[in-house]
Amino acid sequence: WGGARGRGRERERERLSGRRMANEEVGAASVATHKVVEDFNGGLANGATKSGLKARNGGAGAKTAASDFEYSSGFGNHVSSEAIPGALPKRGNNPRRCPYDLYAEQVSGSAFTVPRKDNQRSWLYRMRPSVTHEPFHPVEFANSKIISSFNEGGPHVVVTPNQLRWLPFEVPNKEHAKVDFVQGMFTMCGSGGASSKSGFAIHVYTANESMDCTSFANADGDFLVVPQLGGLRIRTEFGRLQVSPGEICVLQRGIRFSVDLLEEEARGYILEIFEGHFTLPDLGPIGANGLANPQDFKTPVAWFEREGIQKRYEVIHKMDGALFSASQAFSPYNVVAWHGNYAPYKYNLDDFCPMNAVGFDHPDPSIFTVLTCPSQEPGTAVADFVVFPPRWSVAENTFRPPYYHRNCMSEFMGLIKGQYEAKKGGFIPGGSSLHMCMSPHGPDTDTFEAATRQSDAPHHIGRDTMAFMFETNYFPKLTQAAMAAPNIDRDYYKCWVGLKQHFDLNAVEQMVLSGNH
């Protein structure tokens, strides 16, 4: 018994000694990390020329060209990236002491136990862990226009079978109000709720100010961002993205990012999914190639904010639609290396390879799907992202514009630039429309009359056009703010009023009786 007590005391001494060593290592890690970064930055300032390193190091206000942004190509790949050579562990994910005394931090985009093909996670090696912040508090500018719950009985949402259209939302005048990406978000509609991790939401954003020392993380779901006016430079924990109108980006749940404006104003659309993640659609009989090719997706490479190592940041956290703010004494963009398959990415819509009918008839719009978030019902989606790019129309003896339709899915459309082939008036860039489940819709009067007189000669629908659609299996519920928006088009229904009856029963009866039908 005495021997056992002695061994117990010995183990306790070893435990306390190990704790003291660990605490010393943590303190040393903080000091050593800053020393490594200072030495590294000093080397760059003195003209170090290691390939790619200069481009991966810059501050929030750095004036960098698009060519300075580096990416890794491919969709859903496991990427390994270092801003400083040797920053990734040589073995394993979480060594007792990381290279350069960095901290290891895992970001999990899926449950640990989902099938391996669906598992999404990344390991980040950073100067200080993201847990180092002051307590969160509700933000002072609480944006009541952001909605993440569309459940039954909510006073802030309504439903209507009417076809709806909005003119572009105006960007606030900077002299009257400075509005960044988060402050300028405006929820249009959605279904389900973030707290149950089911459904989706659709937002519009307007901004006239960069986020600078403000960072944003969305615990509610993944963002698919579609810029329409003004390019964006997006700083993330994984690196930097430059996204211009005609491109899209996906920013997954929990990833911290800041949006800086390339121009004086910015406007665009956001599709937020509360469940699952976006993936490429199956191609079926199309084969192995076409639509959105995997090699055209771009993931940022590791980068850290050189000027932000000791800069105070405000971190805004969205949870169940509510916004919270916490302060921290360093930039969240302090990741020196990372590896994994859970990372933001961008895609240029000009790279979409469209398929179309080359004989006759009009294919369904699903043939233009770029990304999809499948639902639990096979063949249906929480949300699809569909694009209508420039292309040739060659089908013979065919009504070539989109056909008249009642759909079990609901369709939200936006126009990035140019004209949409089914409505060449009224639906303008920056505008949007919503056609609910089984609400009839289709080409306006002028489009129908012109298309029925069109020849069979091949024609191009326009080289400077880009429309898109968010399509969902759910019933979207509209926010009261969207329904009361001053830019809602109350006369939208009139675009179909001119569709007259061309069928003449008397003439048809005479034709049939005479045998000339």
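A polar contact here is a pair of N or O atoms within 3.5 Å; within protein, one atom must be able to donate a hydrogen and the other to accept it, and residues adjacent in sequence count only if both atoms are side-chain atoms. Welcome to a predicted model, in which local features need pLDDT of at least 70, side-chain atom pairs count only at pLDDT 80 or more, and totals for chains, interfaces and linings use all residues. Residues are numbered from 1 along each chain as its sequence is written, and side-chain values use heavy atoms, with hydrogens and water left out.

**View 1. Thr398 and its polar contacts.**
The side chain of Thr398 reaches the backbone nitrogen of Asp361 at 2.8 Å. The side chain of Thr398 also reaches the backbone oxygen of Glu396, at 2.7 Å. Contact means heavy atoms within 4.5 Å; leaving aside neighbours within four places in sequence, Thr398 is in contact with Phe360, Asp361 and His362. With a relative accessible area of 15%, Thr398 is buried, a word that means under 20% relative accessible area, while exposed means over 50% and partly exposed lies in between (1.4 Å probe, protein chains only).

**View 2. The six-stranded open sheet.**
The strand order in this sheet is β8-β28-β27-β30-β25-β24, with antiparallel pairing; two strands pair if DSSP finds at least two bridges between them. At the edges stand β8 (164-166) and β24 (369-374), each with a single partner strand, so one side of each is left without a neighbour in the sheet. On average, neighbouring strands of this sheet are turned by 15° against each other, direction ignored; axes are lines fitted to C-alpha atoms, for helices over the stretch in contact, and angles run from 0 to 180 degrees between N-to-C directions. Zoom in on β24 and β25, and you will find five bridges joining the two strands, which run antiparallel. There, Thr369 has Val386 in β25 as its bridge partner.

**View 3. The largest nonpolar core and a second, separate one.**
A nonpolar core is a set of buried Ala, Val, Leu, Ile, Met, Phe, Trp, Tyr and Cys residues joined through side-chain atoms within 4.5 Å. The largest has 55 residues, and those with the most contacts inside it are Trp166, Leu224, Leu371 and Phe470. Strand β25 (residues 381-388) supplies the largest share of this core, six residues. A second, separate core of 24 residues includes Val139, Met211, Phe216 and Ile270. Now look around Trp166: not counting residues up to four places away in sequence, Trp166 touches residues including Met188, Gly431, Leu434, Leu478, Ala482 and Ile488.

**View 4. The four-stranded open sheet around β5.**
Here the order is β3-β22-β5-β4, and the pairing is antiparallel. β3 (79-82) and β4 are the edge strands, each with a single partner strand, so one side of each is left without a neighbour in the sheet. Strand β5 (residues 121-126) is largely enclosed by the rest of the structure, because five of its six residues are buried. Six bridges link β5 with strand β4 (residues 103-108) in the antiparallel sense; Ser108 stands opposite Arg121 in β5, and Glu105 stands opposite Leu124. Strand β22 (residues 335-340) runs antiparallel to β5 and is joined to it by five bridges. Its residue Trp338 is the bridge partner of Leu124.

**View 5. Cysteines without a disulfide.**
The structure holds zero disulfides, a disulfide being a pair of cysteine sulfur atoms within 2.5 Å. For Cys437, the nearest cysteine sulfur is that of Cys408, 6.4 Å away. Cys437 counts as buried at 19% relative accessibility, and Cys495 is buried too, with a relative accessible area of 16%.

**View 6. The two ends of helix α4.**
At the start of helix α4 (residues 505-514), a side-chain oxygen of Asp504 reaches to within 3.2 Å of the backbone nitrogen of Asn506. After α4 comes Gly515, whose phi is positive, near 80°.

**View 7. Stepping back to the protein chain.**
The secondary structure comes to four helices and 31 strands. Of the 517 residues in the protein chain, 50% are buried. Among contacts with a separation of 6 or more, 77% are between residues 24 or more positions apart.
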